[in-house]
Amino acid sequence: MSAPRWIRLAGRAGDVGGLPIVRALPHRERRTIGAWCFLDHAGPALLQGHGMDVPPHPHTGLQTFSWMIDGEVLHRDSLGHEQVLRPGQVNLMTAGRGIAHSEQSLGDRLHLAQLWIALPDEQRFCAPAFEHFPVLPVMDRGGFSLTLLVGELLGARSPVTVHSPLLGADLACAGAADSVLPLQAGFEHGLMVLEGALEVEADEQPAERLAPGSLLALEPGFQRLRLRADAPARALLLGGEPLAQTPLLWWNFVGRTGEEIAGFAQQWNSLSGDFADAAVPGYTSSSGGAERLLSPEVPALRTP
Ligand code: MN
């Protein structure tokens with residue numbers, strides 16, 4: 001068997017509700033890393049005016065996963081949850097057959113990672129749910145402070161509930177750091193630097209320098225990852241078992257076919273079916289924008 005490889009994928013710059021982001025997933029050359037199917041690195045930004053304001057919008061077939069690094073966001077959803085997300089905390093919203101939520105920044109700074117996790121067939125029409133995780137396992141490792149976001153690593157286990165074999169970890173250092181992490185050979189992995197720069201080495205791959213803006217995607221088969229920094233830096237490590245079927249992502253929906261996505265959009269726009277009770281109580285626009293985001297017309301979608 002040939003040695004596993006990695007590829008560097010350039011993220012795309014964008015804007016979500018007034019916040020500058022780099023979208024790393026999905027990427028034309030890599031749709032998913034395990035069940036991680038969407039990755040926005042948002043900020044770090046000094047917010048202008050009203051800050052970030054994302055009006056009520058729907059989700060299906062996925063879990064939204066928000067990891068706050070700096071700043072605060074107020075989450076509201078159609079189940080009636082109202083939760084401020086603060087640094088070091090995770091919000092996990094399981095959309096299942098359908099949920100709507102809004103997100104608004106509090107304060108004038110923001111830095112976070114926003115991800116989606118595709119739900120497997122058995123869970124994708126489950127009842128919607130929302131969980132807030134104020135405390136996650138934190139370990140010191142060779143100068144890095146490692147926060148275990150999802151899954152198991154170095155004998156620790158994250159309390160975050162997911163439905164497929166998955167890993168998520170944040171590694172931050174305040175100065176020089178050097179650490180080797182074991183990787184599960186059956187997982188594919190992704191590494192994104194969020195601040196500063198890292199020297200990355202995995203198995204026999206020669207070391208590469210990684211800075212914010214791109215995602216290093218590692219094929220299954222790697223067994224160890226070495227990260228080195230000589231100045232303050234932060235990175236997000238993702239992993240998971242490769243999916244048998246690539247999920248279909250369109251707008252805020254995850255599904256399997258174009259017909260299914262068109263049905264989600266029709267139900268959300270008309271507040272019927274699984275979106276009959278999808279009003280988000282308490283939301284008022286802070287930016288003078290729409291009271292909810294309507295789905296654009298669904299084009300002909302090809303199953304990936
Ligand atoms: Mn959302």
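**Exercises on salt bridges and a manganese site**

The side chains of Arg157 and Glu152 form a salt bridge at 3.5 Å, N to O (a salt bridge is a side-chain nitrogen of Lys or Arg within 4 Å of a carboxyl oxygen of Asp or Glu). The model is predicted, with local features needing pLDDT of at least 70 and side-chain atom pairs counting only at pLDDT 80 or more, while totals for chains, interfaces and linings use all residues. Residues are numbered from 1 along each chain as its sequence is written, and side-chain values use heavy atoms, with hydrogens and water left out.

**Exercise 1.** Classify Arg157 and Glu152 by relative accessibility.

*Solution.* Step 1: apply the cut-offs, namely buried under 20% relative accessible area, exposed over 50%, and partly exposed in between (1.4 Å probe, protein chains only). Step 2: Arg157 has 59% relative accessibility and therefore counts as exposed. Step 3: Glu152, at 47%, counts as partly exposed.

**Exercise 2.** Describe the salt bridge of Arg30 and state which parts of the chain are linked by the pair.

*Solution.* Step 1: the partner of Arg30 is Glu188, with the closest N and O atoms 3.7 Å apart. Step 2: Arg30 lies in the loop between strand 3 (19-25) and strand 4 (36-46), whereas Glu188 belongs to strand 17 (residues 188-195), so that distant parts of the chain, 158 residues apart, are linked (strands, E, at least two residues, and helices, H or I, at least four, are DSSP runs numbered from the N terminus). Step 3: both Arg30 and Glu188 are buried.

**Exercise 3.** Identify the protein donors of the manganese ion and their spacing along the chain.

*Solution.* Step 1: donors are N, O and S atoms within 2.8 Å of the metal (3.2 Å for Na, K and Ca), and because water is not among the atoms, sites may look incomplete. Step 2: His57 (NE2), His59 (NE2) and His101 (NE2) lie 2.1 to 2.2 Å from the ion. Step 3: their spacing is H-x1-H-x41-H. Step 4: His57 lies in strand 5 (residues 53-59) and His101 in strand 9 (residues 99-118), so this pair ties together parts 44 residues apart in sequence. Step 5: His57 is buried at 4% relative accessibility, and His101 is buried at 3% relative accessible area.
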